[in-house]
Amino acid sequence: MNSYMKMTALYAPTLKEDPAEAELTSHRLLLRAGMIRKTAAGLYSYLPLAWRSIRKIEQIIREEMDAIGAQEMLVPMIVPGEIWQETGRWDVYGPELLRLKDRHGRDFVVGPTHEETFTDLIKNELRSYKQLPVTLYQIQDKFRDEIRPRFGLMRGREFIMKDGYSFDRDVEGMQKSYDDEKAAYARVCERVGLRALPVVADSGQIGGDTSVEFMGLAEAGEASLVWCDCGYAADDEAATVGIAWEEGPGTSCERIETPCEGSIDSLAQLLGISPMACRKSFAIIAEDGSPVLCLLPGDHELNEVKAEHAFGHYDAMDEEQMATYGLVKGFMGPIGCDPRVRIVADVSLKDSTSWLVGANEAGYHIQGACPGRDFEVAEWLDLATAIAGDACPRCGKPLHAARGIEVSQVFQLGTKYSEAMGATFADEDGVERPFQMGCYGIGVSRMLQAVVEQKNDEHGIIWPVAIAPYEVEVVPLDVADDLVWPLAQRVADELTAAGVEVLVDDRKERPGVKFNDADLMGFPYQVVVGKRGAKSGMVELKDRATGEREDVPVDEVATSLAERVRAQRS
Ligand code: ATP
Ligand code: MG
């Protein structure tokens, strides 16, 4: 029979002080609650409490994968270098790839992901279209030698990933496997208690998505997103949205005095207009060495990813280069600069006819400038980072902005790996065709911390029942008392018998210490057994999430609480 866990036996060394190494709330709480420990930069040990939660997340993933017919297996973490050379990733994957040599001098990598391994595995054994589709997955440690491992489990070097790979006969099949995984990933987020948005990372040519990232919403997230009430969401870097702008003042091209420090905000304030009625100029040197001036609505920034796309590896112009090309810092614009400067503008501005731009003279701007009439725009490009208030590309409503933690990603690979590795099957007509593949990853350890990042308060973690290390903590206020201790044991026994996972704080500590630790560790329910209640047959039930307390008769507590817990297990 199952029995409950006692705090005196549990390996969960809590910390009284905030650890200096932790910047993020979730990282701090996992350390303080005795759930994880750092072994070295980016290398963490999962202590018993965190490990219980990890196993629950894995179990939820397994159930959702089973439900769509994916099969769990395991491949070696170490991958022969040859197959990475075959796909060319040996050369393009940078220093994040940990390479090793064995005693015979053969090359290996510690798998950061396993497309090669799985493709190599199936390539000589999945031979016929009749055997397809197949989706295989594993849950395994990955290693990426991240340049800046940080935030605990969020960006580790060794971390736990569920990675899956689908093999289909044709594009329609791949689309279905991908859609199934995407739906399963949404259910995984929901079941572990994570508020997440599916964010389009890559749009396909026919409008559908070919890659989606699930982003746990959190201020501390590294990704900035835009989203809409209609369900659209995108990484601000991938988003092609309706960038919002306003016309500037005046309609005829006119030089005006603007005694301000040269920032868009100071200019807008001086003229009493909105920053989006101004045009911001970014001067860069493109990869081919040519000078380019990028014009955007004043409240928007040049997006690095989009700019790289357009100009290759570019650099911002330094002051010397600006001087060479007749551009004046703080007062830059498309008029009056060196004719070698190529003028490009964000495509959203194509219909705008009254531009407020710098005059390339300190203290002066030009208002009412009109492209085509007063200066030439060589190219209209998607350049701006989307922000709140821009228009949703699906429904046109204003977008909201948020920050997110990427917890998982689904990806249509097509034949990229199967072609590179010669992985083909015989189709119905006897022709050998490369597999249409998809790959799907969940950062299991990152997901655990993302939940904690969303669910906490000033006292500690607030575990959702579905992934709580224990579901109920029984807190006897005085273990030496001959009424209290037997009653606490009885409640713990009854809850355990009803299938609930129970931890009993059997330490000889003051009530205050126990309450603090209970809140810090954050199990969903606390049953407090005190002397007064014990006499009258009552215990106190505290809901960690709401903070609500109620007195419950001892005879009823196990049955009613077990029911509540079961209902929330998901
Ligand atoms: P990131 O952009 O955060 O570096 P990624 O897009 O490179 O992640 P994927 O290759 O999509 O990561 O890997 C699948 C999942 O593995 C990610 O969605 C993320 O949850 C997790 N993951 C990736 N890198 C790390 C890491 N260094 N530490 C913890 N989890 C990670
Ligand atoms: Mg990713």
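Which residues line the largest cavity?

1. The lining of the largest cavity consists of G42, Y44, Y46, L153, G156, E158, F159 and S445. On a 1 Å grid over the protein atoms alone, a cavity is a set of points where a 1.4 Å probe fits but cannot get out, and lining residues have an atom within 4 Å of a point.

2. This is a predicted model, in which local features need pLDDT of at least 70 and side-chain atom pairs count only at pLDDT 80 or more, while totals for chains, interfaces and linings use all residues. Residues are numbered from 1 along each chain as its sequence is written, ligands are numbered from 1 in the order in which they are written, and side-chain values use heavy atoms, without hydrogens and water.

3. The structure has one cavity of 30 Å³ or more. The space in the largest cavity is about 50 Å³, a volume being the space filled by probe spheres set on the grid points.

4. Around ligand 1 there are 14 residues, with R144, E146, R155, G156 and E406 the closest; a residue counts if one of its heavy atoms lies within 4 Å.

5. Polar contacts are pairs of N or O atoms within 3.5 Å. A side-chain N or O atom of E406 is 2.7 Å from an oxygen atom of ligand 1, and a polar side-chain atom of R155 is 2.8 Å from an oxygen atom of the ligand. S408 places a backbone N or O atom 3.5 Å from a ligand 1 oxygen atom.

Notes. Polar contact = N/O pair within 3.5 Å; in protein donor to acceptor, adjacent residues only side chain to side chain. 1 Å grid on protein atoms, 1.4 Å probe; cavity = no way out; pocket = protein on both sides within 12 Å on 5 of 7 lines; lining within 4 Å.
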